[in-house]
Amino acid sequence: MIPYEEVNDIYNKPYRGSKKSRNNRLLIILIALLLVLAVLTVFFVAQEYIVFTSEGFKFDFPFLRDNEPPTSEPPTTINSSDINLEIENTTKPPTTAPTTMPPAVDFSIRAMLIAPDDVADFSADEPINGFAVYIRNTDGVLTIPSAGGDTPTAGQTAFAATIKGSYARKVAIVSALRDAVGPRANKSNALKTSSGATWLDREYIPWYSAYAGGTTEQLVAAVDAASLAGFDEVLLTNMQFPTLGKIDLIMFGNDDSPDNRVKAITSLAEAAAIEDGPRISVLLTETAATQLVDYAAGQDVRALAKHCAALYVSTQKADFDLSALQEAVQGSGCKIGLLYTGQDAPQCDDYIITG
């Protein structure tokens with residue numbers, strides 16, 4: 001006979017399920033954790049191969065490139081080959097830039113920033129004598145034919161024809177180093193983190209490295225394209241090292257220093273000032289505009305003035321004091337202008353009103 005105490009323990013012991021059932025639950029939890037880990041691993045590995053297009057994004061894995069069947073028709077989506085950022089295909093070599101810009105000869109830009117679709121209907125009313133338009137914004141899309149001989153899209157050809165048909169003074173605006181497509185398509189030229197991943201700023205946009213040789217080539221190619229389209233001036237925005245976002249994650253290299261950053265940005269400006277090409281201008285950072293040098297961004301007003309026809313300051317003040325900047329560039333032939341957000345005409349010779 002079983003003692004009463006043992007019988008009482010048996011009937012009062014809580015039921016916790018069979019051992020087999022518990023093992024099954026543990027196995028399911030383990031499999032779920034492994035799946036989450038696999039998804040996270042795939043995400044962080046695959047982000048290096050994401051290429052953004054006009055319809056979203058796609059994965060560009062190297063081991064699939066050689067297996068892609070050739071197509072007889074031009075692609076219908078906007079990718080890196082459409083916007084001609086594959087520098088290896090550029091057939092026109094960069095031209096040599098003069099060491100200094102020639103003196104400006106009564107050539108003032110008083111322009112309105114307009115959308116590409118408004119170019120055809122644009123008419124200049126005094127004091128406005130021209131327009132400015134983005135030909136490559138931070139989205140990385142080139143809106144005019146490239147200078148590399150690649151087949152342009154119908155939209156690029158039509159827009160270039162509209163530009164050439166205008167008698168107004170024309171300014172092409174190019175995002176020089178901040179580009180949603182180019183650094184992803186040419187990863188060797190992109191700023192990277194210590195893990196080798198492409199660095200992204202606060203808006204998840206990558207940047208070209210000013211230290212990379214391919215960065216110079218893509219910039220000269222954009223200026224060449226603007227020249228062929230008939231632009232009088234190319235304003236380079238984001239012509240700097242990034243100064244916002246988690247910049248402490250960027251691996252700039254052992255040779256990075258404030259002086260070398262200035263040399264790198266100045267060299268890019270010199271290369272962009274192609275012989276017989278459009279005037280080159282650069283948008284200054286706030287620090288460079290007020291202190292004449294921004295070592296973090298790599299901008300030195302006096303150094304840039306040797307290769308630029310104009311340097312612009314972004315402001316909402318129509319009466320922004322340009323005297324310190326004008327004194328700094330005196331004798332270089334470089335002019336100081338405003339990228340002005342407002343309604344009244346700024347009190348200077350060169351400006352672009354952004355509205």
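Helix 6 and helix 7 cross in a right-handed sense, meaning that the near helix is turned clockwise from the far one by less than a right angle. This is a predicted model, in which local features need pLDDT of at least 70, side-chain atom pairs count only at pLDDT 80 or more, and totals for chains, interfaces and linings use all residues. Residues are numbered from 1 along each chain as its sequence is written, and side-chain values use heavy atoms, with hydrogens and water left out.

**Helix 6 and helix 7**
- Helix 6 spans residues 213-228 and helix 7 spans residues 258-272. Helices are DSSP runs of H or I with at least four residues, strands are E runs of at least two, and both are numbered from the N terminus.
- Their axes come within 9 Å and cross at roughly 35°. Axes are lines fitted to C-alpha atoms over the stretch in contact, with angles from 0 to 180 degrees between N-to-C directions.
- Helix 6 contributes T215, T216, L219, V220 and V223 to the contact, and helix 7 contributes L268, A271 and A272. Contact means heavy atoms within 4.5 Å.
- By class, this contact has six nonpolar, two polar and no charged residues.

**T215**
- T215 sits in helix 6.
- T215 is buried, at 0% relative accessibility. Buried means under 20% relative accessible area (1.4 Å probe, protein chains only).
- A polar atom of the T215 side chain lies 2.7 Å from the backbone oxygen of S209.
- Beyond residues up to four places away in sequence, T215 touches L177, N189, Y208, S209, A210 and L268.

**Nonpolar cores**
- The largest nonpolar core has 68 residues. Such a core is a set of buried Ala, Val, Leu, Ile, Met, Phe, Trp, Tyr and Cys residues joined through side-chain atoms within 4.5 Å.
- F231, L236, M239, L284 and L311 have the most contacts inside this core.
- A second, separate core of 11 residues includes I109, I173, L235 and L339.
- Leaving aside neighbours within four places in sequence, L236 contacts V174, A176, L219, A272, I280, S281, V282 and L283.

**D350**
- D350 is in strand 12, residues 350-353.
- D350 is buried, with a relative accessible area of 0%.
- Its side chain reaches the backbone nitrogen of I109 at 3.0 Å.
- Contacts of D350, setting aside neighbours within four places in sequence, include F107, R279, Y312 and K335.

**Whole protein**
- The protein has 10 helices and 12 strands.
- Buried residues make up 45% of its 355 residues.

Technical notes. Buried < 20%, exposed > 50% of the residue type's maximum accessible area, 1.4 Å probe, protein only. Nonpolar A, V, L, I, M, F, W, Y, C, P; charged D, E, K, R; others polar. Polar contact = N/O pair within 3.5 Å; in protein donor to acceptor, adjacent residues only side chain to side chain.
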